[in-house]
Amino acid sequence: MANPWATLGVDLHLEPAGSGGLRRGLTDALRDAVRTGRLAPGTRLPSSRTLAADLGIARNTVAEAYADLVAEGWLTARQGSGTSVAERAVVPPTDTAHPRRRDPGHPAYSLIPGTPDLAAFPRTEWLKAARRALATAPFDALGYGDPLGRPELRTALATYLARARGVRTTPDTIMITAGISHALRILGSLLRTRGVRTLAVESYGLAVHWDLLRTAGLATPALPYDELGTDTGKLDDAGAVLLTPAHQFPMGMPLHPDRRTAVVEWARRTGGLVLEDDYDGEFRYDRQPVGALQGLDPDRVVYLGTASKSLAPGLRLGWMVLPPSLVEEAAAAKGRIDTCGALDQLTLAEFMVSGAYDRHVRSARLRYRRRRDALATAVTHRAPEVRVTGIAAGLHAVLRLPPGTEQSVVQAATWQGLALHGLSFHRHEQALAEPLDALVVGYGTPPESAWAGALEALCRVLP
C-alpha cells in the first residue's frame with residue numbers, strides 16, 4: 001500500500017486511491033490538491049524519484065502522472081527547475097451546510113483609537129537589533145524560560161522605566177507579558193486566589209479589559225467621573241482598582257493630584273491593590289510628563305506597560321512591575337514557564353539598550369504632535385461648534401459634539417468609509433458620569449499616506 005506522506009524535499013500528503021490504478025489515483029489526488037488550493041500556485045513538488053520513494057510506488061508512475069498534469073495545465077515543468085504548481089485561479093470547496101459569512105468590506109480610513117501608525121514601525125533598526133540579539137543570545141534563551149521573562153529585557157526595562165516614567169523597580173520585580181490583556185488575566189487569577197471579589201474600574205475605558213476581569217470572577221463596578229477625572233474617594237468595599245492615571249483613556253486628562261494621593265492612601269489603609277495602566281504614557285506634548293503612580297508606593301501599586309503604542313501591538317510584548325510580595329504569586333498564576341517569545345524579548349532589550357527605542361519614541365512624538373495640531377486646526381475652522389479636548393498627551397483626541405449628535409455623526413462616518421468610535425462605545429454600563437456626546441479620534445492610527453484623507457473625511461461628517 002502506498003505511503004501517503006512524501007517527506008523528502010517537501011512534505012506532501014497524498015492519497016493516490018481509486019479503482020483506476022495508481023497512476024490515475026495519483027493524478028486525481030494531485031489535481032484535487034491543486035484545485036482546492038492545498039497546493040498553492042508556485043509550490044515546487046518533489047522530484048519523481050523522491051515522490052516515488054516516499055509513496056512506495058514506481059518512478060515511472062509518478063513521472064507519467066506529472067506529465068499528464070503538465071499537459072492539462074495544472075503543473076509546469078522546466079529543465080533544471082523541476083515541477084511546480086501552475087499559476088491559476090483556486091476554486092475553494094463548496095460547503096453548503098456552512099456558508100461563508102459575507103465580508104462587509106473595509107473602511108477607506110480608520111480613526112479607531114488604540115493603534116499607532118503601523119507603517120512607521122522601525123523595521124531597519126528592529127532588524128539590526130534582532131540580528132545582534134540572536135548573535136549574542138545564550139543557549140538557555142531557547143529553552144522554556146523563567147515565567148518572569150528574559151533577564152536582559154527586565155534589566156533594560158528597569159533602567160528605562162526609572163528614567164522615563166519614575167517607576168521604582170528592580171529586574172526581579174518585573175514580569176514580561178503578552179500585552180496588557182495577558183497581564184490582567186494573570187492579575188485577575190491572582191486576586192481571586194487572594195479572596196478579592198470586587199475590582200473597581202473607571203466610568204470610561206476598554207470593555208475588553210472589564211470583560212477579562214469579569215471572566216476571572218471579579219465584579220467591576222464603575223467609579224464616578226467628573227471635571228477632575230475619576231473619583232478615587234468612592235472605592236467602598238473594592239479590593240482593587242484599575243486606573244489610567246497618567247492619561248485617562250479615553251477622556252485624556254491626568255488623574256488629579258489629590259485623587260492620586262487618595263487612592264494610594266486607600267490602598268495602604270485597606271490592603272487594596274492599585275492596577276496602573278500607563279496607557280500611551282510615552283507621548284506628551286504640552287506639559288511635563290505625569291510620573292507613574294507606582295512611584296508613590298511600589299508595595300501597593302502594580303504598574304502595567306506595553307510596547308503596543310510605542311512600537312506595535314503585534315509584538316505582543318508588555319510588562320508588569322509587581323510589589324515584591326506578589327512576584328511568586330504572579331509567577332504561579334502565569335504558569336511556571338515563560339509564554340512570551342524569548343527572541344522578541346531579547347530584540348526589544350537590545351533595541352532599548354542601544355538607544356534605538358528612545359530615538360524612535362522621540363521621532364514618533366514629533367510626528368503625532370503635528371497630526372494633533374492639524375486635527376485641532378481643521379476642526380476649529382471646519383466645525384466651530386465642536387470642541388477638541390484631551391490632547392495634551394497620547395494618540396487620540398476627544399471631540400465634544402452638540403448634544404444628541406453622536407450617533408448620527410458615527411453613522412455618517414460609516415457611510416463615508418471612515419471607521420470611528422463615539423464616546424458611548426467606551427462608556428461602562430454602570431458609568432457614574434454625565435452622558436456626553438463626543439467622538440474618540442485616534443489620530444495616530446492612519447499611515448502617513450492616509451492621514452490627510454482621514455482628516456478630510458472626519459471634517460465632512462462633523463456637525
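In the predicted model, leucine 199 has alanine 240 of strand β10 as its bridge partner. This pairing belongs to the contact between β7 and β10 (residues 240–243), two strands that run parallel and are joined by two bridges. Both strands are part of an open sheet of six strands, which follow one another in the order β6-β13-β12-β11-β10-β7 with mixed pairing. At the edges of this sheet lie β6 (174–177) and β7 (199–200), each of which pairs on one side only.

A further set of pairings involves strand β15 (residues 397–400), which is joined to β14 in the antiparallel sense by three bridges. Within β15, valine 398 stands opposite threonine 389. Strand β15 also runs antiparallel to β18 (residues 438–441), and four bridges join these two strands; here leucine 399 has leucine 439 in β18 as its bridge partner.

Helix α10 (residues 342–353) consists of twelve residues and spans 16 Å from its first C-alpha to its last, which is close to the 16 Å expected at 1.5 Å a residue. The buried residues of α10 are Ala342, Gln345, Leu346, Thr347, Leu348, Ala349, Phe351 and Met352. An α-helix has 3.6 residues a turn, so residues three or four places apart point the same way. The elements that cover the buried residues of α10 include the helices α4 (123–136), α5 (151–165) and α11 (356–382), together with the strands β6 and β13 (318–321). After α10 comes glycine 355, which has a positive phi near 90°.

Helix α11 contains arginine 362, a residue that is partly exposed, with a relative accessible area of 46%. Although arginine 362 and glutamate 282 are 80 residues apart along the chain, their C-alpha atoms are separated by 8.9 Å. Glutamate 282 is also one of the residues that line the second largest cavity.

The search of the whole structure finds five cavities of 30 Å³ or more. The largest cavity holds about 120 Å³ of space, and its lining includes Val201, Leu206, His209, Trp210 and Asp277. By class, this lining has seven nonpolar, three polar and two charged residues. The second largest cavity, with about 60 Å³ of space, is lined by residues among which are Tyr160, Leu161, Asp278, Tyr303 and Lys309. Both α5 and β12 (301–306) supply at least two residues of this lining, and β12 gives the most, with three residues. The lining of the second largest cavity divides into five nonpolar, two polar and four charged residues.

The largest pocket has a volume of about 340 Å³, and of the 21 residues that line this pocket, the closest to its centre are Gly114, Leu206, His209, Ser308 and Lys309. Of these, Leu206 and His209 also line the largest cavity, while Lys309 also lines the second largest cavity. Helices α6 (180–193) and α7 (207–215) each supply at least two residues of the lining of the largest pocket, which comprises eight nonpolar, nine polar and four charged residues.

The second largest pocket contains about 240 Å³ of space; of its 14 lining residues, Tyr225, Asp226, Met251, Arg400 and Leu436 are the closest to its centre. Strands β8 (225–226) and β14 (387–389) each supply at least two residues of this lining, in which six residues are nonpolar, three polar and five charged.

Key
Residues are numbered from 1 along each chain as its sequence is written. This is a predicted model: local features need pLDDT of at least 70, side-chain atom pairs count only at pLDDT 80 or more; totals for chains, interfaces and linings use all residues. Side-chain values use heavy atoms; hydrogens and water are left out. On a 1 Å grid over the protein atoms alone, a cavity is a set of points where a 1.4 Å probe fits but cannot get out, and a pocket is an open set with protein on both sides within 12 Å along at least five of seven lines; lining residues have an atom within 4 Å of a point. Grid points are joined across faces, edges and corners, and a volume is the space filled by probe spheres set on the points. Ala, Val, Leu, Ile, Met, Phe, Trp, Tyr, Cys and Pro count as nonpolar, Asp, Glu, Lys and Arg as charged, and the others, Gly among them, as polar. Two strands pair if DSSP finds at least two bridges between them. The expected span of a helix is 1.5 Å times one less than its number of residues. Buried means under 20% relative accessible area, exposed over 50%, partly exposed in between (1.4 Å probe, protein chains only). Contact means heavy atoms within 4.5 Å.
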